[in-house]
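Here is a short report on strand pairing, charged contacts and aromatic rings. Keep the structure open while reading.

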Amino acid sequence: MAPGEGELDESPPFIPDSPEFMTVLIEVPPGEGIPPHRQSGPLSAYVLEGEMIFELEGQPERLVRAGEAVFEPGGDVIHYQTTKPRPDTWLRFLATMIMVPGQPMQTLVSDEELEQRRERRAPRLS
């Protein structure tokens, strides 16, 4: 069955041995964003409120609005940005993650690593 509007149909690139699953509500207040990071395993998220500029390593940034979903493969792939085009609004999304046991759900990426991998980043729109 093909996904409908707001639905996501992805196959994770890997499922860790003895995976841990977590579903969380992420709320990003006005004026804030989520810094560059990576997930230990695949993640899918559904935007409940607001909109975000979403950018994964090797993919162009794109606008994701309430009612739409995103997917991150996890592992070594850097999630460059989750920013809001309108900084005066809230962003709320529900994320489901498949995590590697004993590893943090999210690891921040240093400025040095971002510089070392800059050729993997798609050209920016802005």
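## Strand β4 and its partners

Ile53 has Thr83 as its bridge partner in β7. The model behind this pairing, and behind everything below, is predicted. Strands β4 and β7 run antiparallel and are joined by four bridges.

Ile53 also stands opposite Leu63 in β5. Strand β4 covers residues 51-56 and strand β5 covers residues 62-65. Four bridges join these two strands, and they run antiparallel. Together β4 and β5 form a hairpin, with five residues between them. Gly58 lies in the turn and has a positive phi of about 85 degrees.

## Strand β3 and its partners

Strand β3 spans residues 43-49. It pairs with β6 in the antiparallel sense, over four bridges. Ser44 stands opposite Phe71 in β6.

Strand β3 is also joined to β8. Here there are six bridges, and the strands run antiparallel. Leu43 stands opposite Met97 in β8.

## Arg92 in strand β8

Arg92 is placed in strand β8, residues 91-99. What does the charged end of Arg92 sit over? It sits over the ring of Trp90, 4.3 Å from the ring centre.

The side chain of Arg92 also makes polar contacts. One goes to the side chain of Glu27, at 2.8 Å. Another joins Arg92 to the side chain of Glu49, at 2.7 Å. Leaving aside neighbours within four places in sequence, Arg92 is in contact with Ile26, Glu27, Tyr46, Val47, Leu48 and Glu49.

## Salt bridges around Arg38

How many salt bridges does the structure hold? The count is 12. One of them pairs Asp76 with Arg38, with the closest N and O atoms 3.5 Å apart. This pair links distant parts of the chain, 38 residues apart. Asp76 is in the loop between β6 (69-72) and β7 (79-83), while Arg38 is in strand β2 (residues 37-39). Asp76 has 45% relative accessibility, so it counts as partly exposed. Arg38 has a relative accessible area of 15%, so it is buried.

Arg38 forms a salt bridge with Glu113 as well, and there the closest N and O atoms are 2.7 Å apart. Again the pair links distant parts of the chain: Arg38 in strand β2 and Glu113 in helix α1 (residues 111-116), 75 residues apart. Is Glu113 buried or exposed? Glu113 is buried, and so is Arg38.

Arg118 forms a salt bridge with Glu115. The closest N and O atoms of this pair are 2.5 Å apart. Why does Arg118 count as exposed? Its relative accessibility is 55%, and the cut-off for exposed is over 50%. Glu115 counts as partly exposed because its relative accessibility is 43%.

Salt bridges with shared partners also build a network. It joins Arg38, Glu57, Asp76, Glu113, Arg117 and Arg120.

## Aromatic rings

How many aromatic pairs does a search of the whole structure find? The search finds zero.

Key: Residues are numbered from 1 along each chain as its sequence is written. This is a predicted model: local features need pLDDT of at least 70, side-chain atom pairs count only at pLDDT 80 or more; totals for chains, interfaces and linings use all residues. Side-chain values use heavy atoms; hydrogens and water are left out. Rings of Phe, Tyr and Trp (its six-membered ring) pair if their centres lie within 6.5 Å; planes under 30 degrees apart count as stacked, over 60 as edge-to-face and the rest as tilted. A charge sits over a ring if NZ of Lys or CZ of Arg is within 6 Å of the ring centre and within 35 degrees of the ring normal. A salt bridge is a side-chain nitrogen of Lys or Arg within 4 Å of a carboxyl oxygen of Asp or Glu. Buried means under 20% relative accessible area, exposed over 50%, partly exposed in between (1.4 Å probe, protein chains only). A polar contact is a pair of N or O atoms within 3.5 Å; within protein, one must be able to donate a hydrogen and the other to accept it, and residues adjacent in sequence count only if both atoms are side-chain atoms. Contact means heavy atoms within 4.5 Å. Two strands pair if DSSP finds at least two bridges between them.
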